[in-house]
Amino acid sequence: MNSNLNNGVSMFTLQNSRGEVVDLDSDDLFGYTPTGLGAVFSNSYSQYDSYFKTTKKTIQQGQMSLNILFGSVESNSYQTFSDFASFLAYEPLTLIYTTKSESWYRDAVLSSLTKTEIGGTTVLQTDKLFEQFTIEFINPWYNNKQSRYKTYNIDTGLAIYGSGFFNEQGNFNQNLILQSSGENASADSRPNLSGVTNNNINSTISYESDGITLTYSMNNSWDWYYALAEAWANMSDSVLSFDKTYTISVDVKGTVPGVAFRVNNTFSPTTKINNDTWTRAVYTFSIPNLTGDNLNKFYIRLNAMNGNDNNPTGFVKGQTLRFRHFKLEEGDTATAYTSAPEDGVTDANMKYGFGFMGLAYDDENGNKPYVDEAQVDITSIE
């Protein structure tokens, strides 16, 4: 472990929940031989002959261990250890890794701190306490960057301030489907559109680690599908509207020849599929507002197709349709799959921020909002 950077800033510091910071590379707390700063993944694969294709990557919880010499001299070794133990009582802890370019953070809780006596260790003969310190990480490495703007001077007495969390997805649009992954799903946790009923028709449904499988259970005269919003759902119960363009996409495979999306009785072009590889089906649409009994109502389905134009009938009992990674987003372009922010899943390329904004109201014009001042801290997840 390097003692210092060229600019004199310590490489590793530790902060507790009270905001207190200790230097893990100082005369009083001299830490060395850190382990566990990298990442370990648990990977799942699907096998075809002697080939393996990655189906899921899950990062395992990390641990960092550090050997620490306490006190600059023997006489203050015990007191330094006591102060450090008291510091650790205020969790969660944050490990701060400072480089020449920027600082990275990782939150953790204490796993263990040994306690021996001076000269009691067989690892290192020293006139100070020599102990081993281990923490367990509870999130990935992250760094914070702050952005702030001010449009005009704050009108004293008129500004009302609030704070909140904001999600930014960069070039990735927000996914409007909840529990959209389909991996390790269940009857109570599967892809759905908030506020409306989802369903699977004329098929049995099973849940695997890498997706959801529908198996046709009828005869060849019945269509079968998975409905994100079943007919006929009230538009007012959903997060969608009739005046916007949407793009829906999903990974599909199976023994049926193809699939198509169906929105208010309109089929998308059929996407041909096979049972060996995942194929991404994509459809851009706007929801037509019908008349009569179906005014202000809609539905969205993923239909099995028999390969003959857009015919949703003519199947053999036992045929399968598998799917995962639904995404429904505003606009006419399908962007890379990310979970809905409401699902609380940390996806690559997603950014999270916390900030505050001010609102001021003009007495003459009534309830007219202005932003006096705004600030947001953006956190990049690695």
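Predicted model: local features only at pLDDT ≥ 70, side-chain atom pairs only at ≥ 80, totals over all residues.

Reader: In what order do the five strands of the open sheet lie?

Author: The order is 15-16-24-18-22, with antiparallel pairing. Strand 15 (203–208) and strand 22 (279–285) each have a single partner strand and therefore stand at the edges, one side of each being left without a neighbour in the sheet. Neighbouring strands here are turned by 30° against each other on average, direction ignored; the axes are lines fitted to C-alpha atoms, for helices over the stretch in contact, and angles run from 0 to 180 degrees between N-to-C directions.

Reader: Why is the aromatic pair of F12 and Y97 called stacked?

Author: Rings of Phe, Tyr and Trp (its six-membered ring) pair if their centres lie within 6.5 Å; planes under 30 degrees apart count as stacked, over 60 as edge-to-face and the rest as tilted. The rings of F12 and Y97 are 5.0 Å apart, centre to centre, with 15° between the planes, so they form a pair and the pair is stacked. F12 belongs to strand 1 (residues 12–15) and Y97 to strand 7 (residues 93–98), so the pair ties together parts that are 85 residues apart in sequence.

Reader: Are F12 and Y97 buried or partly exposed?

Author: Buried means under 20% relative accessible area, exposed over 50%, and partly exposed in between (1.4 Å probe, protein chains only). F12 has 4% and is therefore buried, whereas Y97 has 29% and is therefore partly exposed.

Reader: What makes the pair of F84 and F87 stacked?

Author: The ring centres of F84 and F87 are 6.2 Å apart and the planes are at 15°, so this pair is stacked. Both residues lie in helix 1 (residues 77–88), and because they are three residues apart, about one helical turn separates them. F84 is buried at 2% relative accessible area, and F87 counts as buried at 5%. Ring pairs also link F70, F81, F84, F87 and F133 into a cluster.

Reader: How do you know that the charged end of R18 sits over the ring of Y90?

Author: A charge sits over a ring if NZ of Lys or CZ of Arg is within 6 Å of the ring centre and within 35 degrees of the ring normal. The charged end of R18 sits over the ring of Y90 at 4.5 Å from its centre, and that of K115 sits over the ring of F81 at 5.9 Å from its centre.

Reader: How do you know that strand 7 and strand 8 pair?

Author: Strand 7 and strand 8 (residues 103–113) have six bridges in the antiparallel sense. T94 has D107 in strand 8 as its bridge partner, and a hairpin of four residues joins strand 7 to strand 8.

Reader: What residues does V239 touch, beyond those up to four places away in sequence?

Author: V239 touches L176, L193, S194 and Y246, where contact means heavy atoms within 4.5 Å. V239 is found in the loop between strand 17 (225–234) and strand 18, and its relative accessible area of 48% makes V239 partly exposed.

Reader: What sets N202 and H325 apart in the backbone?

Author: Most residues other than glycine have a negative phi, and most peptide bonds are trans. N202 has a positive phi of about 55°, and phi of H325 is near 55°. N202 counts as buried at 19% relative accessibility, and H325 does at 15%. As for peptide bonds, a cis bond joins E91 and P92, with omega about 5°, and another joins A231 and W232, with omega about -15°.

Technical notes: Residues numbered from 1 in each chain as written. Heavy atoms only, no water. Pairing = 2+ DSSP bridges. Helix = DSSP H or I, 4+ residues; strand = E, 2+ residues; numbered from the N terminus.
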